[in-house]
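Colleague: I'd like to learn how to read packing features off a model. Could you walk me through a few, starting with helix pairs?

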Amino acid sequence: MQPTLSDPSDRKIYVLDTNVLIHDPNSVFNFEEHQVLIPMVVLEELDKLKVGNASIAADARQAVRTIDAILGPASPAEIMAGVDIQRVVPGGPLGTLTILMPIEEAPATLSTEINDNRIINDLLALQAKRPNYKVILVTKDINMRLKARGSGLESEDYHNDQLITDIDSLTSGYHHITGSFWEQLDALAPQTVNGERVHTVEREVMEELLGGTFFVNQFFYDDREFVGRILADDGRQVRLELLNTGALMRQKAWGLAPRDLYQAMAMHLLFDPDIDLVALNGAAGSGKTILALACALEQTMETKTYKRIIATRSTRGLDEDIGFLPGTEAEKMQPWLGAFTDNLEALHAEDFDPSSSQHFVGAKVPLQFKSLNFVRGRSFQQSIMIVDEAQNLTPHQIKTIVTRAGQGTKVICLGNLAQIDTPYLGPTSSGLTYMSERFKGFAHAGTVTLKGVARSRLAAYAESHL
């Protein structure tokens, strides 16, 4: 028996692939008034993935629970007809959820040995039975989308958590003003500044200066070495923190000084006690990890602002299981977190006895390496949490990690959107992009895109020419 679908005004049926439910376990709620179908093959794949401690298993279990909560006590006939998707919004339920059984008479357009092909075959048969409906396959798998389109079936990516359509529109965290900021500001509205650190400007004036849009904790700088940061925006007036290039470049963190203005702006956010979340995006070698580690060491060992440093990263394999062979979690994490130890060596390279300095720091600094599997469910207090390779995390995984932050904890997410290694993720769908856009304007979060390659002249040339 096949589902007897109701007749929506635009006659769309969205069919969700397994990777969509893994990417966002609550994705079934995001198709408004349309009908949502989940093939039986997808439920079988979720059943295989749900066992274990890996993050993908937790997402699979959450997706299954979400589906069960919607279907509830519905009878088989009601499920076939479509169960209303209840939402906490005025107007009652919108859309229906249906389980699609394999269609026996479906022609084997593609080989049935692969689950993706079985889904496409069933959807082609469903489309043939209901020509007045538009059947749309929603999948994160590019190859499956190509096969579906090649077979005559509409297919699209899951876009609900993609807040931008072009990576070039991702906020950099700063805005360049040509010429002099103060001269342009005085021309619009004469100002009186008496050496104060904070200055207030009318919002309409700032909109004209910064091109219309800006947000809290965004930097702006001009060609006269002036740098400012937007501290608050009440809709009528904007409070600015007045800085300058010289002061920012004189910052020091564990002996490390910024090499350019972008690193200096990032360091300013990393040192600000009112900033709880910092996102640093930049090319390989732009200084993300060494800046984060140096500022973490300074605030943990010198100023005692935080009690410990927690380092983790997203790497395929690391997200699965660290194994049962002898060795502590830190020892098993060591190969994956070589970037931190490499930068620790770089910070002490000019010491009289670098090896002794590294051993001292290793013994005295409360630096803990954690697997992402064991971050879930934890609550970290008074800590600096550094998440490396954050571009490989999904929006759902980013939420899981950031919500681990307890009282007095700062989270630093590092990533390079040009080096995404996770299947089904792209620059616009990465958790790092999602987080940067979602937290844009939050008074206690900031983002900076680092420019240039400070690692070496060879790395700089390779980044721009290879």
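Predicted model: local features only at pLDDT ≥ 70, side-chain atom pairs only at ≥ 80, totals over all residues.

Colleague: Which hand does the crossing of α2 and α3 have, and which residues make the contact?

Modeller: The crossing of α2 and α3 is left-handed, a label used if the near helix is turned anticlockwise from the far one by less than a right angle; clockwise would be right-handed. On the α2 side the contact is made by L43, L46 and L49, and on the α3 side by I56, A57, A60, A63, V64 and I67. Contact means heavy atoms within 4.5 Å. By class, that gives 9 nonpolar, no polar and no charged residues. Ala, Val, Leu, Ile, Met, Phe, Trp, Tyr, Cys and Pro count as nonpolar, Asp, Glu, Lys and Arg as charged, and the others, Gly among them, as polar.

Colleague: And how is α2 oriented to helix α5?

Modeller: The axes of α2 and α5 (residues 115–129) come within 9 Å and cross at roughly 155 degrees. That makes α2 roughly antiparallel to α5. V41, V42, E44 and E45 of α2 meet N115, R118 and I119 of α5, a contact with 3 nonpolar, 1 polar and 3 charged residues.

Colleague: On to rings. How many aromatic pairs does a search of the whole structure find?

Modeller: A pair of aromatic rings is described by the distance of the centres and the angle of the planes. The search finds 11 aromatic pairs. Rings of Phe, Tyr and Trp (its six-membered ring) pair if their centres lie within 6.5 Å; planes under 30 degrees apart are stacked, over 60 edge-to-face, and the rest tilted. Take F181 and F220: their ring centres are 5.1 Å apart with planes at 45 degrees, so the pair is tilted. This pair links distant parts of the chain, with F181 in helix α7 (residues 181–188) and F220 in strand β9 (residues 219–221), 39 residues apart.

Colleague: Are F181 and F220 buried or exposed?

Modeller: F181 is buried at a relative accessible area of 0%, and F220 is buried at 1%. Buried is under 20% relative accessible area, exposed over 50%, and partly exposed in between (1.4 Å probe, protein chains only). Another pair is F439 with F442, whose centres are 5.9 Å apart and planes at 65 degrees, so that one is edge-to-face. F439 is partly exposed at 29%, as is F442 at 37%. F181, W182, F220 and F226 also form one aromatic cluster.

Colleague: What about phi of W254 and K304?

Modeller: W254 has phi near 55 degrees, a positive value in a residue other than glycine. W254 sits in the loop between α9 (245–249) and α10 (261–271) and is buried at 16% relative accessibility. K304 also isn't a glycine, and its phi is positive at about 60 degrees. K304 lies in the loop between α11 (288–302) and β13 (308–313), exposed at 58%.

Colleague: How much of helix α15 is buried, and what do its buried residues pack against?

Modeller: Helix α15 (residues 395–402) is mostly covered, with 6 of its 8 residues buried: P395, Q397, I398, T400, I401 and V402. These pack against α1 (18–23), α3, β15 (383–388) and α16 (431–438). Across the chain, buried residues make up 52% of the 466 residues.

Notes: Residues numbered from 1 in each chain as written. Heavy atoms only, no water. Helix = DSSP H or I, 4+ residues; strand = E, 2+ residues; numbered from the N terminus. Axes fitted to C-alpha atoms, helices over the stretch in contact; angles between N-to-C directions. Parallel < 35°, antiparallel > 145°, perpendicular 65-115°, else oblique.
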